[in-house]
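Here is a short briefing to read with the model open beside you.

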Amino acid sequence: MTLAVFVLFALLAVGFSLAVIAHPDPVKSTMSMVVVLFSLAVLFVLLGAPFIAALQVLLYTGAILVLFLFVIMLLNVRREIATPSGRALQRWTALITAAFFAGFLGMLLWQTYAPAEAPPLTPGYLSIRELARELFSVYLLPFEMVGLLLLVAVVAASLLARRPDPEERGTEGGG
């Protein structure tokens, strides 16, 4: 049963991640990202890390993607118009080459980093207290930098999306 759940949510994650990349509508692409992140949360539960799964749903799916949708709506990003082109051969060649590259890279990583036996999950490894201790001691600076980066991104998107007032437009021309 666990294998069936893993295969189902792994395929959902891969399929919807392709939809994130390929879909021309940014809102639908972001909503596909919600399915990908939820699928990853289910995979974290299968790995025995329910706290990380809850963080995945609450932080990434709940907060960051809402921020993405807010910025997309704020910037009023329109649907990309596809231009008809006769580059079907180029597209198929790129897809086949990417598939071979991904397969070769996966095989190389599997041979290099495949552990002979998975380490046992200990209560200390899955402890929220140990995770919090690591996060707020060793990784405090990167954690705060990510928060600051998100704040700067929201402020920059707000400033870029703001339409200038009519009196501001008249003074910008060097009048």
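**A helix to start from**

Helix 2 has 21 residues and spans 30 Å from its first C-alpha to its last, close to the 30 Å expected at 1.5 Å a residue. That expected span is 1.5 Å times one less than the number of residues in the helix. This is a predicted model, in which local features need pLDDT of at least 70 and side-chain atom pairs count only at pLDDT 80 or more, while totals for chains, interfaces and linings use all residues. Residues are numbered from 1 along each chain as its sequence is written, and side-chain values use heavy atoms, with hydrogens and water left out.

**The overall picture**

- The protein has 7 helices and 0 strands; here helices (H or I, at least four residues) and strands (E, at least two) are DSSP runs, numbered from the N terminus.
- Read from the N terminus, the order of elements is α-α-α-α-α-α-α.
- Of the 175 residues in the protein, 13% are buried; buried means under 20% relative accessible area, exposed over 50%, and partly exposed in between, using a 1.4 Å probe and protein chains only.
- Among contacts (heavy atoms within 4.5 Å) with a separation of 6 or more, 64% join residues 24 or more positions apart.

- Helix 1 covers residues 2–22, which is 21 residues, and it reaches 30 Å from its first C-alpha to its last, close to the 30 Å expected at 1.5 Å a residue.
- Which residues of helix 1 are buried? They are F9, A13 and V20.
- These residues sit on the same side of helix 1 because they cover an arc of only 50 degrees around the axis, where the arc is that of the directions from the helix axis to the C-beta atoms.
- As a general rule, an α-helix has 3.6 residues a turn, so residues three or four places apart point the same way.
- Exposed residues L3, L11, L18 and A22 are on the face of helix 1 turned away from its buried side.
- Helix 2 (26–46) is part of what covers the buried residues of helix 1.

- A13 lies in helix 1 and is buried, with a relative accessible area of 11%.
- Not counting residues up to four places away in sequence, A13 touches V36 and S39.
- A13 and M33 are 20 residues apart along the chain, and their C-alpha atoms are separated by 8.7 Å.
- V20 also belongs to helix 1, and beyond its neighbours within four places in sequence, V20 is in contact with S29, S32 and M33.
- The C-alpha atoms of V20 and M31 are separated by 8.2 Å, with the two residues 11 apart along the chain.

- The buried residues of helix 2 are P26, S29, T30, S32, V36, L37, S39, A41, V42 and L43.
- Their cover includes helix 1 and helix 3.
- Q56 is found in helix 3 and counts as buried, at 8% relative accessibility.
- With neighbours within four places in sequence left aside, Q56 contacts L37, L40, A41, F44 and T61.
- Just after helix 2, look for G48, which takes a positive phi of about 90 degrees.

**The largest pocket**

- On a 1 Å grid over the protein atoms alone, a pocket is an open set of points where a 1.4 Å probe fits, with protein on both sides within 12 Å along at least five of seven lines, and lining residues have an atom within 4 Å of a point.
- The largest pocket has a volume of about 700 Å³; grid points are joined across faces, edges and corners, and a volume is the space filled by probe spheres set on the points.
- How many residues line the largest pocket? There are 22, and L55, L59, Y60, L135 and F143 lie nearest its centre.
- Helix 3 (50–75), helix 5 (128–137) and helix 6 (140–161) each supply at least two lining residues, and helix 3 gives the most, with 8 residues.
- The lining divides into 18 nonpolar, 2 polar and 2 charged residues; Ala, Val, Leu, Ile, Met, Phe, Trp, Tyr, Cys and Pro count as nonpolar, Asp, Glu, Lys and Arg as charged, and the others, Gly among them, as polar.
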